Amino acid sequence: MNAINPDKVFSPAKLGPITLPNRVIKAATSEGRSPDGKVTQSLIDFHEGFIKGGVGMTTIAYCAISAEGFAAPGEILMVRENISGLKQFTQAMHKAGGKASAQLGHAGPVATKQITGVQPIAPSRFRSPSSFQVCREIGREEMKTIIRQFADAAEVAADANFDAIELHFGHLYLVSSFFSPWINKRKDEYGGSIENRTRFAKEILLAVKERVKDRLAIIVKMSMDDGIKNSIWLDESTQTARILDETGAVDAFELTMGSSVKNQMYLFRGETDLEGMSKTQKGIFRLGVKWFGKLVLGEYPYEHLYMLKSARQFQTVVKKAQLILLGGINDYVHLQTAMQEGFDFVAMGRALLREPDIINKLKDNPLGRGRCIQCNKCMSTVFQTTNCVFIPEYATSSKLPV
């Protein structure tokens with residue numbers, strides 16, 4: 001590899017209309033710290049730990065655009081009634097020296113009636129292989145409502161002084177499920193060709209951009225592929241990125257993999273913690289996870305920088321927006337490799353859950369290595385309070401060890 005400026009990753013960098021203190025972003029990892037859909041002190045302290053630990057921007061995950069869009073317990077509801085707490089959140093991140101991003105989404109086929117109180121929706125009638133629930137086909141008027149709700153939520157984020165929003169167009173959540181021919185069987189202008197299947201996402205993006213203008217950066221998180229037969233793969237996801245990029249409304253794409261409907265380990269890689277996951281379920285579902293969990297979740301070996309090979313394919317397609325590399329980033333060499341490969345930013349998840357101050361450590365000691373072992377026991381904690389099992393004290397305490 002050619003030598004680069006070793007300080008590049010730790011230097012300020014432009015992202016659309018904002019400037020980040022460095023090129024490291026805390027990726028969205030569901031927190032479970034908002035039992036009433038509102039910001040809590042625990043949530044503030046949780047993210048403040050990452051900012052104080054050295055990341056340039058932290059991302060709240062995830063903020064539902066409506067109560068029907070929740071994906072898991074304890075998530076934020078991004079509505080105007082909650083703006084006071086959201087302002088407290090951004091103020092704390094800014095005071096700590098970093099930036100704040102809010103991930104906006106609608107769970108769609110990832111949702112369950114137990115969480116939302118209503119039947120989940122999808123582009124077409126669809127039975128989820130994870131929840132076994134049948135999703136009903138979303139109607140045209142409902143789609144218009146959801147487009148407006150995305151724009152409303154973006155405006156709330158801007159008014160709450162967030163620096164960026166991340167539109168969740170990945171993991172087979174509602175918008176992403178339109179990309180997938182496995183789920184999307186529509187016969188109208190939102191089904192069929194990839195141009196049609198991208199139409200809903202494009203309409204949301206343009207509505208959001210029209211509402212917030214350049215008040216904050218707009219990041220689109222999208223799946224490159226989900227490891228599911230006849231679903232999303234690179235030949236079409238690169239076209240989706242091109243279509244959205246051509247609007248000029250995207251400041252950066254965060255490139256991800258996998259889904260939250262099936263084959264979840266395609267995103268995470270590493271060990272499959274069936275014992276921990278089964279404890280989050282009740283009755284027959286608990287036994288189902290133990291007996292059939294690997295068939296639904298999948299099993300994939302972990303590799304450092306495991307999304308890099310696929311993410312390279314977007315570098316010749318995306319002309320206007322910047323690119324954020326995610327997946328298997330755990331030490332300084334990985335950060336440097338991302339810069340050398342031409343990516344603008346990196347996003348880190350599990351490594352930061354294990355060591356909230358890993359960026360400060362790597363800045364002081366580039367030869368250091370992250371402690372995350374990809375055991376994925378943090379996955380099951382999403383249904384309570386997300387934490388690394390090697391730091392049990394911050395599952396119950398609001399303070400992260402920094």
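These are my notebook entries on what I looked up in this structure, which is a predicted model.

**Entry: the core**

The largest nonpolar core has 126 residues. Those with the most contacts inside this core are L104, F162, L167, F169, F200, F253 and L335. Helix 4, residues 140-159, gives the largest share of the core, with nine residues.

I then took L104 and set aside its neighbours within four places in sequence. The remaining contacts of L104 include C63, I65, M78, F150, A153 and A154. I also noted I165, E166, L167 and H168 among the residues that L104 touches.

**Entry: salt bridges**

I searched the whole structure for salt bridges and found 23.

For E48 and K52, the closest N and O atoms are 3.9 Å apart. Both residues sit in helix 1, residues 41-52, and because they are four residues apart, about one helical turn separates them. E48 is buried, at 15% relative accessible area.

For D159 and R215, the closest N and O atoms are 2.7 Å apart. This pair links distant parts of the chain, 56 residues apart: D159 belongs to helix 4, and R215 to the loop between helix 7 (199-212) and strand 11 (217-223). D159 is partly exposed at 22% relative accessible area, and R215 is partly exposed at 44%.

For E254 and K221, I noted 3.6 Å between the closest N and O atoms.

**Entry: cysteines**

How many disulfides does the count come to? The count is zero. I looked up two cysteines as well. C372 is buried at 13% relative accessibility, and C375 is buried at 12%.

**Entry: a surface patch**

Last, I looked for nonpolar side chains on the surface. I373, V389 and F390 form a nonpolar patch there. Together these residues have about 270 Å² of accessible area. I looked up where I373 is found: in the loop between helix 15 (358-364) and helix 16 (393-396).

How values were computed:
Residues numbered from 1 in each chain as written. Predicted model: local features only at pLDDT ≥ 70, side-chain atom pairs only at ≥ 80, totals over all residues. Heavy atoms only, no water. Patch = residues over 30% accessible without salt bridge, like charges linked within 9 Å, V, L, I, M, F, W, Y side chains within 5 Å. Areas by Shrake-Rupley, 256 points an atom, 1.4 Å probe, with all protein chains shown as cover. Salt bridge = Lys/Arg side-chain N within 4 Å of Asp/Glu carboxyl O. Helix = DSSP H or I, 4+ residues; strand = E, 2+ residues; numbered from the N terminus. Core = buried A, V, L, I, M, F, W, Y, C linked by side-chain atoms within 4.5 Å. Buried < 20%, exposed > 50% of the residue type's maximum accessible area, 1.4 Å probe, protein only. Contact = heavy atoms within 4.5 Å. Disulfide = S-S within 2.5 Å.
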